[in-house]
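Try each task yourself before you read its solution.

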Amino acid sequence: MTVKDTHRDNPYPHRHLLGIEGLHPHEILGLLDRAEEAVEVSRQIHKRRLVLQGRTQINLFFENSTRTQSSFELAGKRLGADVMNMAVSQSSVKKGETLIDTAATLNAMHPDLLVVRHHAAGAVHLLARKVGCSVVNAGDGPHEHPTQALLDALTIRRHKGKIARLTVAICGDIAHSRVARSNIILLNALGARVRVVAPSTLLPSGIAKMGVEVFNSMRKGLEGADIVMMLRLQRERMNGAFVPSVREYYRYYGLDAEKLAYAKDDALVMHPGPMNRGVEIDASIADGAQSLIREQVEMGVAVRMAVLEALAANLPNN
Amino acid sequence: MAHDAPKPLVLSNARVIDPARGMDAHGSIIIADRTILAAGPEAANQGAPYGADIIDCKGAIACPGLIDMCVSVGEPGAEHRETLASASQAAAAGGVTTICIMPDTDPVIDDPALVDFILRRARDTASVNILPLAALTKGLRGEEMAEIGLLQEAGAVAFTNGHKSVKNAQVMRRMMTYARDFDALVIHHTEDPDLAGGVMNAGLNASWKGLSGVSREAEIIMLERDLRLVGMSKGKYHANLISTSDSADVIRTGKSRGLDITAGVSINHLTHNENDIGAYRTFFKMSPPLRDEDDRLAMVAAVADGTIDIICSNHDPQDVETKRHPWAEAEDGAIGLETLLAAALRLHHSDEIDLITLLRTMTSSPADRLGLETGRLAKGAPADITIFDLDRPWVLEKSAIRSRSKNSPFVDARFSGRVLRTVVAGKTVYNHAQ
């Protein structure tokens, strides 16, 4: 078999998952299909598989994250890997120095899979160049968060039966959101119509060329939407730096029943968490009938199992 | 170290280019007592001085040694990154015979004794001419004036705030006004630090990468402010590193208003654009940031039409400790002394800038701006000469870099045009054949 053939036959011919950028639509769909199986596994009483038996997975988190870290931990354990969590305090050592030093140290321990979250865009790429194992990006600054976009896609597909031609409105702090970037790329790759809705101070420069329709009003942006995806607004950006105040933001951009009514009747609401109820989303919506927020968490574990499994298939000695 | 003058030297059978005279002709250069006796076709007919070494250039180009107006070294304070000695070796290998040293060292060169220190270290360790630029404000803090007069007397050739802009317009205005009394050149980095607030060129590329952007306006607004202040103060001003098409327009307008201004650009902004950053390659992180292709083309056009007067390397050695970080946390800066000429020749080979104009920006233009005798092949001028083969291909290998720091954006790049010999004050300081 030639190298080319191997490439074609491999549903995920990459060593790492650093971002959605660069993935082919059929590779994304392949991961989603694999994740569907993982959902079934996770719903059984006996949840443990042996795909990653003997493999070592290290979760290296330079930024605190309860849900993403536990989701990756559970995913690894359900596939039989030995999982170690490493939380690296930002203040203890000079930033960056920690990254390379830690990478070298960890690499010497021969991990097979390294799951990394870092506060700086591109940090995961830098690290991937310095280690010998497969690296999964669990969020690098405002750059990408590929497993979040995959789990969002899986959640949408399970409810709407498709992604193509759906209208998805991503609302809130687009400028600083890795979730928004990964979702814009993924949803476009699978043929959705993507909108962003935010005050202009929370939109990145050049947004109109990023494959989205841009709206500054929730009313227009949500009109006819199938999916309303809310983003978290960081506390330090609420009070005057990017928007004048919480109450003004909530008034114009917080998702409440009135604004949700502009979307399609069967529109579904998503949020990557953790939520600020009363800032970007009203409690009644977050916990309401149209909300998929809790299901997103379940899909998160499944998608991460799929990703780990796909990467493990490419590891040496497999 | 009192050396006797080197032996007389005749560089024969050369294509002699002297941008100051607009000369490009086959001929010779005769050197004796560290100075040029004759250069050009007329020199070919004169006899060699007694005891001279005669070098057949075999048709290679002989031009004035290059003057690099913006070079950072690590001495004093960060000698592990670069010393005056290592920088001068890199310069010599790149055909650069004079380098102007930025004052943003540790300590900052804001005291006459430190200017003296640089000059003494240069005399004892460096093989090319070292000209100190002194701080425009104390500690480069942009608050209080540095001692322009005393620093100038000590040997500072111009004044700059390094890679930081003077944010306070009143301070800048007073500096320019005061400097005018000493006929001192003010060199300024034009980037409003508040408006900049980012780590790469603002725009789509930065947005996809999740990096905060440095808007073009941060440079344009500061430059426009400065030119208004030049108008008020009637001082001598050099915009050190411009990077946007609008900046070139601002300079054009300022020159047409009769202001005593010049503009510089780094070789990086003529040969690279933001797409070269790729997957967060920090050797391409610099200030001003690499812009888009339209801006790069505008910079090339501005050099070709004379709006931009000076090309510099903006040589800035950074080591692994400062560069091997995630993009936003890595330092700005790229080395460039060794590749300045070779990279610039790309613009000649691509027919974008004619050879004499190109060489002028690195020889007589900076010399004129700084009031130097070098940068020309005039009779009696110091014999600083660069000989290069215009077409010889080569590849920059990391292991061959002479700078102590290896942060070159040109690693593994292919060039056409290689320096063969560099002569400083009649003495060969680099010989490629060796």
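Helices here are DSSP runs of H or I with at least four residues, numbered from the N terminus. Keep in mind that this is a predicted model.

**Exercise 1. Find which helix gives the most residues to the lining of the largest pocket.**

Solution. Start with the space itself: the largest pocket holds about 900 Å³. Its lining is made up of 35 residues, and those closest to the centre are Arg117(A), Arg178(A), Gln234(A), Gly273(A) and Pro274(A). Next, look for elements that supply two or more lining residues; in chain A these are helix H3 (66-78), helix H6 (146-160), helix H7 (178-189) and helix H12 (293-312). The top contributor is H12(A), with six residues. To finish, sort the lining by class: 17 residues are polar, nine are nonpolar and nine are charged.

**Exercise 2. Describe how H3(A) packs on H12(A).**

Solution. Two packed helices are described by the angle between their axes and the distance between the axes. For H3(A) and H12(A), the angle is about 50 degrees and the axes are 8 Å apart. H3(A) is therefore oblique to H12(A). As for handedness, H3(A) passes H12(A) in a right-handed crossing. Now pick out the contacts: the H3(A) side includes Phe72(A), Leu74(A) and Ala75(A), while the H12(A) side includes Val297(A), Val301(A) and Leu308(A). By class, this contact has seven nonpolar, four polar and three charged residues.

**Exercise 3. Inspect the backbone at Pro274(A), Pro288(B) and His110(A).**

Solution. Most residues other than glycine have a negative phi, and most peptide bonds are trans. The bond from Gly273(A) to Pro274(A) is cis, with omega near -10 degrees. Pro274(A) sits in the loop between strand E9 and helix H11 of chain A. In chain B, the bond from Ser287(B) to Pro288(B) is also cis, with omega near -5 degrees, and Pro288(B) lies in the loop between helix H10 and helix H11. Finally, His110(A) has a positive phi, near 55 degrees; its place is the loop between helix H4 and strand E3 of chain A.

Conventions. Residues numbered from 1 in each chain as written. Chains lettered and ligands numbered in written order. Predicted model: local features only at pLDDT ≥ 70, side-chain atom pairs only at ≥ 80, totals over all residues. Heavy atoms only, no water. 1 Å grid on protein atoms, 1.4 Å probe; cavity = no way out; pocket = protein on both sides within 12 Å on 5 of 7 lines; lining within 4 Å. Points joined across faces, edges and corners; volume = space filled by probe spheres on them. Nonpolar A, V, L, I, M, F, W, Y, C, P; charged D, E, K, R; others polar. Axes fitted to C-alpha atoms, helices over the stretch in contact; angles between N-to-C directions. Parallel < 35°, antiparallel > 145°, perpendicular 65-115°, else oblique. Left-handed = near helix turned anticlockwise from the far one by under 90°. Contact = heavy atoms within 4.5 Å.
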